[in-house]
Amino acid sequence: MKPTNDRRDFLKAMALGSAAVAGAAAGVLAAPGREAGVIGVPAARAQDRYKMAFIQWQPHTVPAAWSKGIEEVLKPQQVIDYELLDGQNKVEVQVSLMDTLVSQGASVIFLQPIDSVALAPSIAKAKRSGVSVITLNIDATEPHAAHVEMNHYYGAMDIAKAMGDAMGGKGKVAILNAPPGIIIRDQRTNGFVEGMKAHHPGIEIVADQVADWDRKKAQDVLNTILAAHPDLGGAYGVNDSMALGAVDVAKEKGLLGKFVVFGNDGETAALESIEAGELTGTQYTDVYQQGRLAAAAATVLATGAVNASAFGQQSRLLMPYLIATKDNVGTIQASQRW
Amino acid sequence: MKIRFSSAALLLFFAVTLAFFSVSAPRFATASTVENLMSGYAFVAILAMGQAWPILVRGIDLSIGAIVGLVGMIVFDLSLIFSVPGYVILPLALLAGALAGALNGVLIVYLHLQPFIATLATLAAYRGLTYSISGRQLVPGLTTTPIRDPWITGIETYFDLGGSIGLSRLINMPWFPLSFFIMLAVFALLQVLLLATRFGRDTCATGGNAEAARLAGIRVGAVTIAAYAISGICAAIAALIMVARFTTATEALGSGAELTAIAAAVIGGVSLAGGVGSMFGPAIGAFLLGAILIGLTLQGVPQFVQQIITGVILLAAVGYDRLLVLRRQRKLETAATGAGR
């Protein structure tokens, strides 16, 4: 993964995103006529209404916020029926929903794949039927229309840097991790580990334990780690829920202020915790915006205002992010909080 | 007679459900929906038919989802780490499923554990084992490597039967997935095993009254272990179908599948009181659940409502089963008092 390529893809996707928004403003998208068929969209697609759906992994603040962002863009166009479907944390459910949407004649499917490989055959099938697939956060091995992702790896490197700075460049930290088998877990972990190596070689990662993305579980796990390493100086939660669990423990043990805790995602609860002086920091991504960009791309793909081939190879958009700490958390507007 | 009646009632309910969605759900009565139903629920039907056996011996197998995960990961490791050819992997996968199932039976028979507890324990153990042998974590890069062995991916093949017999000229026919024919083969085998062999009769006798079966000279322990082994083999077949469909295995593969399988079996008229059931019922039960979920999704009914509806159907099925059991008991009691007079 070369950063220059990422940047080019980022610009391309931004340009397409703006094109869609501009198109919507010009009223192009509000009245897709029969002639849509002549600019490369299959005739069956030249219809009055378009169907789009988002298949999430399982209910969580992040997909809920994406869905809200997606709806914000799709709803005003009045020709797109949109629904949120739940993958129930099961590959087979996601695959079955993909099949159903394809046979339903959906124009675009937004997908947060549970697994990069397992959903690839479904994506291939969707493509054969002329359905565009846009993945969110977790890429698939089958190339598809577009992929919009939080910047997991580089964000985690920056978290490591900020965390090391807060700890004065020395001490012991623990990682509260997600269950294995998920790409973003690896990106968020590897980025953190590499970041520590690069910026703060004096900091030792003494524990890396699974806390199931869960606040309560993180409390238990961190208590166990603290028993083994009473001199632990900080904890990194691979998501905010686990980081907030670490904050709970620090509060309980009277370590607040001395114990450094970083999270990842940037949900409202985490930002408020930072403002209250409890959580040290987190990687914040405007997840609404992530959903809006995906929806903008979906609109141009569905209505044929831009031909799908304009995307060439699968386009890939890495979301900009902010390492939110007490100093800058105030710059995140209320409307950007999710 | 009771079994035949409930099978007919189930089939009728299935037909009514299909008719209802054909009229009310947009694009339900299409070839692609039928294809999705066959490819998406054939493995559920196989799991349900397997689950019927432990229930027939008055037990339950909560571990089948975990066995699916374990067998899936064994297939994954053998294929991607050890490059074992598919024709060797297939029998090994079935063997692994049989052993995992038989272990459940051994725990129940020799350690006298409640089936619920024994299979709850193995559920956790098999899932843990799946994580610990996961090639996705042992070997970097395998998370994004699909399985390409034609013996395994070949399970996900579709046949244009309509085209080959010329029916497609008249109506739009679905393509039939191989997994559907595997399901039919499993159905035929298990149905014969249940109805036409001594083992099948022994299974029903064991579930009906284990003590009486023992006194009649039936090797109750062996029958019980075999019933759980069948459940394990069915889980392995389901795992192969899923791995072929997804071209990979995840650590969480099959989690929660036990609940769907139990629901399908019970809806299919397999009595939780043991000893009564068929293979036909669980298979139809699985496709019924599938048709309902697909139909409701096409109607745009939110998924949590779908889950409520599934729950209500399950409750109705369990209630109906309970009613039949009570009626059977009453009949036995009247017969007994009549004989005593």
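What share of the contacts in chain A with a separation of 6 or more is accounted for by residues 24 or more positions apart? The share is 77%, where two residues are in contact if their C-beta atoms, placed from the backbone, lie within 7 Å. This is a predicted model, in which local features need pLDDT of at least 70 and side-chain atom pairs count only at pLDDT 80 or more, while totals for chains, interfaces and linings use all residues. Residues are numbered from 1 along each chain as its sequence is written, and chains are lettered from A, with ligands numbered from 1, in the order in which they are written.

Confidence comes before the architecture. The model scores ipTM 0.89 and pTM 0.86. In terms of pLDDT, the predictor's confidence in each residue from 0 to 100, chain A averages 86, with 83% of its residues at 70 or above, and chain B averages 93, with 97% of its residues scoring at least 70. One stretch of chain A calls for caution: over residues 1-46 the pLDDT stays under 50, and for this stretch the model has 59 contacts beyond four places in sequence.

The secondary structure of chain A comes to ten helices and twelve strands; helices (H or I, at least four residues) and strands (E, at least two) are DSSP runs, numbered from the N terminus. Of the 338 residues of chain A, 54% count as buried, a residue being buried if 20 or more other C-beta atoms lie within 10 Å of its own, exposed if 12 or fewer, and partly exposed in between, with C-beta atoms placed from the backbone.

One open sheet of chain A has six strands in the order β2-β1-β3-β4-β5-β11, with parallel pairing, where two strands pair if DSSP finds at least two bridges between them. In this sheet β2 and β11 (315-318) of chain A stand at the edges, each with a single partner strand, so one side of each is left without a neighbour in the sheet. Direction ignored, neighbouring strands are turned by 15 degrees against each other on average; axes are lines fitted to C-alpha atoms, for helices over the stretch in contact, and angles run from 0 to 180 degrees between N-to-C directions. Helix α3(A) lies across β1 (50-56), β2 and β3 (108-111) of chain A, and runs at about 180 degrees to β1(A).

A further open sheet of six strands in chain A has the order β7-β6-β8-β9-β10-β12, with mixed pairing. Here the edges are β7 (203-210) and β12 (322-325) of chain A, each with a single partner strand, so one side of each is left without a neighbour in the sheet. Strand β6 (residues 171-177) of chain A pairs in the parallel sense with strand β8 (residues 234-237) of chain A over four bridges, and Val173(A) stands opposite Gly234(A) in β8(A). Helix α7 (residues 215-228) of chain A packs on this sheet, touching β6, β7 and β8 of chain A, and its direction makes about 150 degrees with that of β6(A). Further along the sheet, strand β9 (residues 260-265) of chain A runs parallel to β10(A), joined to it by four bridges, and Asp265(A) has Tyr284(A) as its bridge partner in β10(A). From strand β10 (residues 281-284) of chain A, Gly281(A) and Gln283(A) point one way and Thr282(A) and Tyr284(A) the other way, and all are buried.

Helix α6 (residues 183-199) of chain A contains Met196(A), which counts as buried because it has 23 C-beta neighbours inside 10 Å. Not counting residues up to four places away in sequence, Met196(A) touches Ala160(A), Gly164(A), Ile203(A) and Ile205(A).

Between the chains, 24 residues of chain A are in contact with 27 residues of chain B. On the side of chain A that touches chain B, the elements that give two or more residues are β2 (80-86), α3 (91-104) and α4 (120-128) of chain A, and the largest share, nine residues, comes from α3(A).

Within chain B, helix α4 (residues 86-110) and helix α12 (residues 220-246) pack at an angle of about 145 degrees, with their axes 6 Å apart.
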